[in-house]
Amino acid sequence: MGSLEGKKVVVAELVEKFQSSKTVVVVNYRGLTVAQATKLRKQLREAGVDYRVVKNTLLTIAAKEAGAEALAPLFKDVTAIAFGGEDLIAPAQIIAKFSKDNKVLEIKGGLLEYLDQGGVIALGELPPKEVLLAQVASCFQAPIQRLAYVLEEVRKSQETA
């Protein structure tokens with residue numbers, strides 16, 4: 001990728017990715033084995049996440065052109081970047097879980113709007129959408145169950161009186 005034209009093409013692709021992605025997660029992958037990196041790529045690909053290793057200078061140029069310059073300070077050392085698709089949480093969830101299991105993968109930060117390392121980890125630890133919906137439903141159900149229990153007790157007390 002020595003040619004200027006080749007670099008311009010990569011930057012243009014990255015600008016488009018920054019602008020079209022709902023979530024971006026930046027990681028330091030130094031120390032990952034080939035097997036670990038392959039496993040991570042597979043998990044991300046299956047979730048519709050585009051994971052790339054790109055030179056920091058090209059990432060910096062593309063981020064600035066795309067209006068994502070807040071990420072530029074993260075483009076140091078060895079950098080890989082995950083561009084999320086429709087699922088906002090998938091990149092953070094997959095990478096946060098993978099980094100827990102493989103301590104060498106360091107989460108640098110991300111962009112939903114802008115997320116620091118802690119924000120990416122917190123987002124990645126959210127339960128799946130279905131679990132969150134079930135939790136909300138149970139919050140609505142609990143008061144109704146208590147009311148039914150109280151009404152049942154009142155009915156029983158009237159029957160015995």
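Hi everyone. Before we look at any helices, one definition: an axis here is a line fitted to C-alpha atoms, taken for helices over the stretch in contact, and the angle between two axes runs from 0 to 180 degrees between N-to-C directions. Please also keep in mind that this is a predicted model.

Why do we need axes at all? Two packed helices are described by the angle between their axes and the distance between the axes.

Let's start with helix H2, residues 34-46, and helix H4, residues 90-101. Their axes come within 10 Å and cross at roughly 155°. Angles over 145 degrees count as roughly antiparallel, and therefore H2 and H4 are roughly antiparallel to each other. The crossing itself is right-handed. Which residues meet there? From H2 we have Gln36, Lys39, Leu40, Gln43 and Leu44, and facing them from H4 are Pro91, Ile94, Ile95 and Phe98. Sorted by class, that contact has 6 nonpolar residues, 2 polar and 1 charged.

Stay with H2 for a moment. This helix has 13 residues and spans 18 Å from its first C-alpha to its last, close to the 18 Å expected at 1.5 Å a residue. After H2 comes Gly48, with a positive phi near 80°.

Helix H5 covers residues 117-124, and it packs against H4 at an angle of about 100°, with the axes 7 Å apart. That makes H4 roughly perpendicular to H5. On the H4 side, the contact uses Ala92, Gln93 and Ala96, while H5 brings Val120, Ile121, Leu123 and Gly124. By class, 5 of these residues are nonpolar and 2 are polar, with no charged ones.

Our last pair is H1, residues 4-20, and H3. How do their axes cross? They come within 8 Å of each other, at roughly 50°, and that makes H1 oblique to H3. This crossing is right-handed. H1 contributes Lys7, Val10, Val11, Leu14, Val15, Phe18 and Gln19. From H3 come Leu58, Leu59, Ile61, Ala62, Ala63, Glu65 and Ala66. The tally for this contact is 11 nonpolar, 1 polar and 2 charged residues.

If you look at the numbers in those lists, here is a handy idea: an α-helix has 3.6 residues a turn, so residues three or four places apart point the same way.

What does the side chain of Thr60 have close to a polar atom? The backbone oxygen of Asn56 lies 2.8 Å from that atom. Leaving aside residues up to four places away in sequence, Thr60 also touches Ala72 and Phe75.

Conventions: Residues are numbered from 1 along each chain as its sequence is written. This is a predicted model: local features need pLDDT of at least 70, side-chain atom pairs count only at pLDDT 80 or more; totals for chains, interfaces and linings use all residues. Side-chain values use heavy atoms; hydrogens and water are left out. A polar contact is a pair of N or O atoms within 3.5 Å; within protein, one must be able to donate a hydrogen and the other to accept it, and residues adjacent in sequence count only if both atoms are side-chain atoms. Contact means heavy atoms within 4.5 Å. Helices (H or I, at least four residues) and strands (E, at least two) are DSSP runs, numbered from the N terminus. Angles under 35 degrees count as roughly parallel, over 145 as roughly antiparallel, 65 to 115 as roughly perpendicular and the rest as oblique. A crossing is left-handed if the near helix is turned anticlockwise from the far one by less than a right angle, and right-handed if clockwise. Ala, Val, Leu, Ile, Met, Phe, Trp, Tyr, Cys and Pro count as nonpolar, Asp, Glu, Lys and Arg as charged, and the others, Gly among them, as polar. The expected span of a helix is 1.5 Å times one less than its number of residues.
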